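Subject: Structure for your review

Dear colleague,

Please find below the structure that I am handing over to you.

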Amino acid sequence: MTVRTRISPSPTGYFHVGGGRTALYNWFLARQSGGAFILRIEDTDQERHNEEAVDGIRRAMRWLGLDWDEEYRQSERAPVYAAAVDRLVGAGVVYNCECTRDDVAARKPPGAPPGYDRFCRDRGLDPAPGRALRFKVPLPGSTTVQDLIHGDVVVDHDNIEDFVVARADGSALFLLANTVDDLDAHVTHVVRGDDHLPNTPKYQLLWDALGGADLPVFAHLPMIVNEKRQKLSKRRDTDKVVMEDYIAEGYLPAAMRNYLALLGWAPGENREIVTLEEMVAQFALADVNSSPAFFDVKKLRSFNGDYIRALSVEEFVAASEPFLAAGPWPPDRFSAETFRAIAPEVQTRVEVLSQVPAMVDFLFLANPPVDDAAWAKVMNADSAAPMLDGVAERYAACTWDADTLHAETLAAGEKIGLKLGKAQAPVRVAVTGRTVGPPLFESLVVLGRDRTLERIDAARARLS
RNA sequence: GGUCCCAUCGUCUAGAGGCCUAGGACACCACCCUCUCAAGGUGGCGACACGGGUUCGAAUCCCGUUGGGACUGCCA
């Protein structure tokens, strides 16, 4: 039996990191077995879905490096669902219901549990406008979900309401469309968030009613949660949930993939940074945890830093390009060659690519802004002035390489009783505008003698 | 409220009854390296929710308690 897995996002907003992990696991399963991975856009709710989101899903999936073999849109499959509804009607497992939410609530004593009270179950209502179709949950009975992650979950039918299968206008609801699609597409593994676990008995009931043979294998993934241990949601956690935001911030797909894969699964042998190939080879649903995992952006950043440092300089330069293109300098002042010269120093100093421009802006801005706090901290007239005077004189005449600049700066500092650590600070602020940044002497080499001297003069003038 | 799920350092996890004095990673702290900041190196802090069983032996199995979460739409 060939493995067939699917990811079935609903295009109501941008692609979610939780969806990313679900997609990743499904993709692992398909790729490790030569099976198929299906993208199914669940847009049966015409009201809420939006087309831009569909593109966003595809973009995010491609960015993650997840390719799919088949793609479906539920909105294009209405006739298939209509046929399924007919089969259910024919089998006598559904009934028409005219109750509104308010009707049901009015019938119940205050404080009673919500859920449909099966009022219309035996009324034998004919189809008519305003009447939805409900599934007649077999009573008595119980359904067992055999879940690879949670084990056997048994639910008594008394606790399953007669859920709506088709709207009054005849259109299919999530549960029906979802089940029919899995049946039609011969999906073998349903791997999704465990927020769907309570739906699964209904899914199984429908599967049987539709004449499905072997059920798919189920694996309900633990939720990815926020610091309050609530499931990550677009509304509550907008700042950390949207995949596109991470793309924009300069995370590497490989780092995101690796981090996501580790949320609920571990490759073993105390290893964390693992290649895609290793993950595909070693991933197993049986090894997935059952408890929720906090989405820790700090750890993600750390992973990203690791991945950035593992890049070759050429790869780093290429990955930085879009962020450089959006830098705060006029485009004509940017030089790829200059960036390439300092790139190895930048590479060990950023955790996300969006930090790159600020590391090198002093090279491409005519007048880099001077940070006020930095200026206040190191530009005290007593030592800064003589220091700047000293290096100005020495830099004007010396050989322009890092070793010489290092020696000259050291000497200028010693002359006024400063160690290099203290001595370099005013020079750094004068030239780069900041107290921190890439190594000073390498930076000066790349900047060039003329501009270095100009900036030292300007700072010196401002000092007096 | 009802149903269901979950419970190892702050966080992600290793752990399938003796290998556990509970391992790794992120974060944090200290030190080393060092022109700043990083990176790198070394070390440190830090957990089996609680109570009962079962067993010669339990983080691991069972029951209960407590605590968290999901679901509870003619949304998906």
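The notes that follow describe what was found in this structure, which is a predicted model.

Nonpolar cores

In soluble globular proteins, nonpolar side chains tend to be buried together. In this model, the largest nonpolar core has 53 residues, and the members that touch the most others are F316, F339, V360, M379 and Y395.

The largest pocket holds about 1,400 Å³ of space. It is lined by 44 residues, of which S8, P9, S10, D195 and H196 are the closest to its centre. Helix α1 contributes the most, with four residues. By class, the lining of the largest pocket comprises 16 nonpolar, 16 polar and 12 charged residues.

The second largest pocket has a volume of about 330 Å³. Of its 19 lining residues, R101, V104, P114, G115 and Y116 are the closest to the centre. Helix α4 (residues 101-107) supplies the largest share of this lining, namely four residues. The lining of the second largest pocket divides into 11 nonpolar, three polar and five charged residues.

Residues in loops

Is S233 buried or exposed? S233 sits in the loop between β11 (224-225) and α7 (238-241). Its relative accessible area is 17%, and S233 therefore counts as buried, the limit being under 20%. A polar atom of the S233 side chain lies 2.9 Å from the backbone nitrogen of R236. Not counting residues up to four places away in sequence, S233 touches H16, T238 and V241.

T275, in the loop between α9 (253-261) and α10 (276-282), is partly exposed because its relative accessibility is 38%. From C-alpha to C-alpha, T275 is 43 Å from A430, and the two are 155 residues apart in sequence. G211 belongs to the loop between α6 (200-209) and β10 (217-221), and it is exposed, with a relative accessible area of 58%. G211 and G115 are separated by 96 residues in sequence and by 27 Å in space, C-alpha to C-alpha.

Backbone geometry

Most residues other than glycine have a negative phi, and most peptide bonds are trans.

- The peptide bond from L139 to P140 is cis, with omega near -10°; P140 lies in the loop between β5 (132-135) and β6 (142-147).
- R118 is not a glycine, yet its phi is positive, near 60°. R118 is in the loop between α4 and β5 and is buried, with a relative accessible area of 16%.
- N270 likewise has a positive phi of about 60° without being a glycine. N270 is in the loop between α9 and α10 and is exposed, at 81% relative accessibility.

Yours sincerely,
A colleague

How values were computed. Residues numbered from 1 in each chain as written. Chains lettered and ligands numbered in written order. Predicted model: local features only at pLDDT ≥ 70, side-chain atom pairs only at ≥ 80, totals over all residues. Heavy atoms only, no water. Core = buried A, V, L, I, M, F, W, Y, C linked by side-chain atoms within 4.5 Å. Buried < 20%, exposed > 50% of the residue type's maximum accessible area, 1.4 Å probe, protein only. Helix = DSSP H or I, 4+ residues; strand = E, 2+ residues; numbered from the N terminus. Polar contact = N/O pair within 3.5 Å; in protein donor to acceptor, adjacent residues only side chain to side chain. Contact = heavy atoms within 4.5 Å. 1 Å grid on protein atoms, 1.4 Å probe; cavity = no way out; pocket = protein on both sides within 12 Å on 5 of 7 lines; lining within 4 Å. Points joined across faces, edges and corners; volume = space filled by probe spheres on them. Nonpolar A, V, L, I, M, F, W, Y, C, P; charged D, E, K, R; others polar.
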